[in-house]
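The following paragraphs lead from the surface and overall form of a protein chain to selected elements of its secondary structure. Please keep the sequence and the model in view while reading.

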Amino acid sequence: MSNLLFDTLFGPLAGQSRDLIHLADGRRISAADFFDLTSRLAGALVTLGVEPGDRVAVQVAKSPEALALYGATVAVGAVFLPLNTAYTPTEVDYFLGNATPRVFVADPAKAEALKPIAEQNRAQLVTMGADGAGGLMDKAKDQSGQFTPVARTGRDLAAILYTSGTTGRSKGAMLSHENLLSNAQVLADLWRFTDQDVLLHALPIFHTHGLFVASNVSLLTGGQMIFLPGFDLEQVIAALPKATTMMGVPTFYTRLLDDPRLTRDLVGHFRLFISGSAPLLAETHIAFEERTGLRILERYGMTETNMNTSNPYDGERRAGTVGRPLPGVELRIMAEGREVGQNEVGVIEVRGPNVFQGYWQMPEKTREELRDDGWFITGDLATRDADGYVTIVGRAKDLIITGGFNVYPKEVEEVLDTFPGILESAVVGLPHPDFGEGVFAVLARQKGCEIDLTAVKAAVAENLAKYKHPKSYVVVDALPRNTMGKVQKAELRKTFGDTFTQG
Ligand code: AMP
């Protein structure tokens, strides 16, 4: 009897004396010790009454222990449910109510506030701190370190990850052992990960990027990870010389580019920089190559599907695109019930072993987005060129319809972004009394620069049809982003919502 995900990712670590995890303070954890930790935590979960199929909700700081808890949950046949550490107790209440976990692992500092919520939702509360210590590790220490993983097949659930839910309530994406493993295998192969790789891991582990793409690929290929609590520029710069690969969100790259210490000398030895979770501006891609001689590899994925497309390892890594579908992943771009032609915009749909099992306890939402024949409607608008490269132009929900015309925000943003003094821009549709929606542009200025709006408007007029022109502009110091570096357009719509309707 085997446990597909555990046996492949964690099982091989047993007894290996090699380093697995490096921490910022210089501590190292061997593969064998990490495996032992995982087994002890699995034993501790069993003593808490966790049974196969139960959910284990986890809202804790990133640590090797927290990663081991993922392995432990999979080992006992339960479903790992990581929660963003920024969620408030009210938000946590929703997740516990929706997912009904048997156990909820929380930060000791928040335990007092979360206790009544855990009780209300009949979840047993245990604690784990940033250093891994707490009630759960105390229980784990009492365990023998011998644990036989519960049998699980590819179809069994390994995790539920809640979508970020910028519109409406978050939905729990159910991910099976096969979903996770198949994607890790494809990515490891495509991106040529080996046991020689040292991955700089500065992403959170409550999200698909840091938890699955980064950790699963590294565990699968026997490499090492430099495990940082988050993106701290000083720590990252100090770690770069010791790493061979990094997976990051675009803000990692813009922040590195802002620092003169990012040079060819610092990263010349690097094998691969990967970006995803939010669009990497073509300029960032180009600036990074100019500075370091290395081309960032951009890929595209989402909570529900793991990764879908990637730029090639050997071929051309095309700036501004997310590359081609991964081996085994089918991708089509649809509008009005049919596939669009080359360079036409439509909604991306994907199908393959990577695509999730549906939304937890939300059969209607599942039916809306996951077709009976396996195609998942991603809600991302994109085009595909003659060479098969996919370019994402925005989320369908961000499409602006003004006076009956469709405006794709990215098209306007691209014109704005190239303008001197503009670091980046976000274009949104706001309620407008005449046009239904009016195009509105938020411009983030480059440090110390003024933006000449008259000249911006002239450039827009030269490049874009009139209906696409922003009817109003605002200049800000920075765009609002979430932890994964995604621009929060919903927040901008909220802040500036009455621009065209007031008075
Ligand atoms: P999440 O489920 O939080 O991982 O968010 C998934 C969404 O992030 C996708 O549906 C896309 O809208 C966006 N996304 C992910 N990777 C990229 C990328 N490389 N370029 C543009 N958007 C991306």
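The accessible surface of the protein chain comes to about 20600 Å², and carbon and sulfur atoms account for 50% of it. Such areas come from the Shrake-Rupley method with a 1.4 Å probe, and for residues only the protein chains shown count as cover. The model is a predicted one, in which local features need pLDDT of at least 70 and side-chain atom pairs count only at pLDDT 80 or more, whereas totals for chains, interfaces and linings use all residues. Residues are numbered from 1 along each chain as its sequence is written, and side-chain values use heavy atoms, with hydrogens and water left out.

Of the 503 residues in the protein chain, 57% are buried (under 20% relative accessible area, with a 1.4 Å probe and protein chains only; exposed is over 50%, and partly exposed lies in between). The C-alpha trace spans about 70 × 50 × 45 Å along its principal axes. A compact globule of 503 residues would have a radius of gyration near 23 Å, and the 23 Å of the protein chain agrees with this; the radius is taken over C-alpha atoms, and the rule is 2.2 Å times the number of residues to the power 0.38. Among contacts (heavy atoms within 4.5 Å) between residues at least 6 apart in sequence, 67% join residues at least 24 apart.

The protein chain has 16 helices and 25 strands; these are DSSP runs numbered from the N terminus, with at least four residues (H or I) for a helix and at least two (E) for a strand. Helix α10 (residues 250–257) is largely enclosed by the rest of the structure, because 6 of its 8 residues are buried. These are Pro250, Thr251, Phe252, Tyr253, Leu256 and Leu257, and they pack against α9 (233–239), β11 (245–248), β12 (272–275) and α12 (282–292).

Strand β23 (residues 422–432) has 9 of its 11 residues buried, so it too is largely enclosed. It runs antiparallel to strand β24 (residues 436–445), to which 10 bridges join it; two strands pair if DSSP finds at least two bridges between them. With 3 residues between them, β23 and β24 form a hairpin, in which Val427 has Ala441 of β24 as its bridge partner.
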